[in-house]
Amino acid sequence: MSSPDPLSTAAATVPPREECGGLCDDETAISEMTFLPDGRLCLFGASLELLELLGSLNLGDATLDVRLAAARRAATDPSQD
């Protein structure tokens, strides 16, 4: 008896586009995170939610703190964009 293919199992758990609750079309909900071999982390299009999560880890990264503060200001006052 063979084990299930992990790729087909993962694909089966992803909901279809029409079931995404509108988040698929909201670019502010899309974040890309890349882990580099040396342990560095690259963020592209980091959402406020992702920045909040990383901020709660207390990584001691001053640039993350600055970006989180800016994202919080933008979320409370959209005219700052």
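The largest pocket is lined by R40, L41, C42, L43, A46, L51, L54, L59, D61, T63, L64 and R67. A pocket here is an open set of points on a 1 Å grid over the protein atoms alone, where a 1.4 Å probe fits, with protein on both sides within 12 Å along at least five of seven lines; lining residues have an atom within 4 Å of a point. The model is predicted, with local features needing pLDDT of at least 70 and side-chain atom pairs counting only at pLDDT 80 or more, while totals for chains, interfaces and linings use all residues. Residues are numbered from 1 along each chain as its sequence is written, and side-chain values use heavy atoms, leaving out hydrogens and water.

Strand 2 (41-44), helix 2 (48-56) and helix 3 (62-76) each give at least two residues to this lining; helices (H or I, at least four residues) and strands (E, at least two) are DSSP runs, numbered from the N terminus.

Turning to helix 2, L50, L51 and L54 are buried (under 20% relative accessible area, with exposed meaning over 50%, 1.4 Å probe, protein chains only). These buried residues fall within an arc of 100° seen down the helix axis, so they line one face of helix 2; the arc is that of the directions from the axis to the C-beta atoms. The face turned away from the buried side of helix 2 carries the exposed E49 and S56.

In helix 3, L64, L68 and A71 are buried. They span an arc of only 65° around the axis, which puts them on the same side of helix 3. Exposed A62, V66 and T76 sit on the face of helix 3 turned away from its buried side.
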